[in-house]
Amino acid sequence: MREENCIFCKILADEIPSAVVYEDDDCRAILDNAPAARGHVIILSKKHAANIFELPDDDVARIFVVAKKIAAAVQKTYSCDGVNILQNNGEASGQTVFHLHVHVIPRFDNDRDHINIGWKPEETSDDMSEVAAEIKANL
């Protein structure tokens, strides 16, 4: 499966060069061209799917196994203090390339001035059991 105008499909077809870190039958991990930090890797599904909802469960599972492997290698390589494993779905979440991919970003205690992945917790008066029931109804 390939989308003609997808930059990640073009990278997977070797039409656009990339620095490959890992590859198997299901995915290719490359260095991000606009990294948040040295060693920022993105894992591309070899099947074009715009987001996690379009990719079969088995494929999603395999990509996250690779994400764990890449995260361990990044941590060992850079002795980082932490690692973000990030996957965005939809423009509102920050997704800019609509081909499923997973970011692996090495993190250091002093990098919050230029890497900001997080949120301010909000106080909630929601009934948590009601919220849980709403979500469970759609599983």
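Biologist: What is the volume of the largest pocket?

Modeller: This is a predicted model, where local features need pLDDT of at least 70, side-chain atom pairs count only at pLDDT 80 or more, and totals for chains, interfaces and linings use all residues. A pocket here is an open set of points on a 1 Å grid over the protein atoms alone, where a 1.4 Å probe fits, with protein on both sides within 12 Å along at least five of seven lines. Filling the space with probe spheres set on the points, the largest pocket comes to about 410 Å³.

Biologist: Nice! Which residues lie nearest the centre of the largest pocket?

Modeller: Lining residues have an atom within 4 Å of a point, and the largest pocket has 23 of them. Residues are numbered from 1 along each chain as its sequence is written. Nearest the centre lie F8, D32, N33, I42 and H103.

Biologist: Which elements each supply at least two residues of that lining?

Modeller: Helices (H or I, at least four residues) and strands (E, at least two) are DSSP runs numbered from the N terminus. The chain follows the pattern α-β-β-β-α-β-β-α, with three helices and five strands. Those supplying at least two lining residues each are α1 (7-12), β2 (27-31) and β5 (101-107).

Biologist: And what share of the residues of the protein chain is buried?

Modeller: Buried means under 20% relative accessible area, with a 1.4 Å probe and protein chains only. Of the 139 residues in the chain, the buried share is 35%.

Key
Heavy atoms only, no water. Buried < 20%, exposed > 50% of the residue type's maximum accessible area, 1.4 Å probe, protein only.
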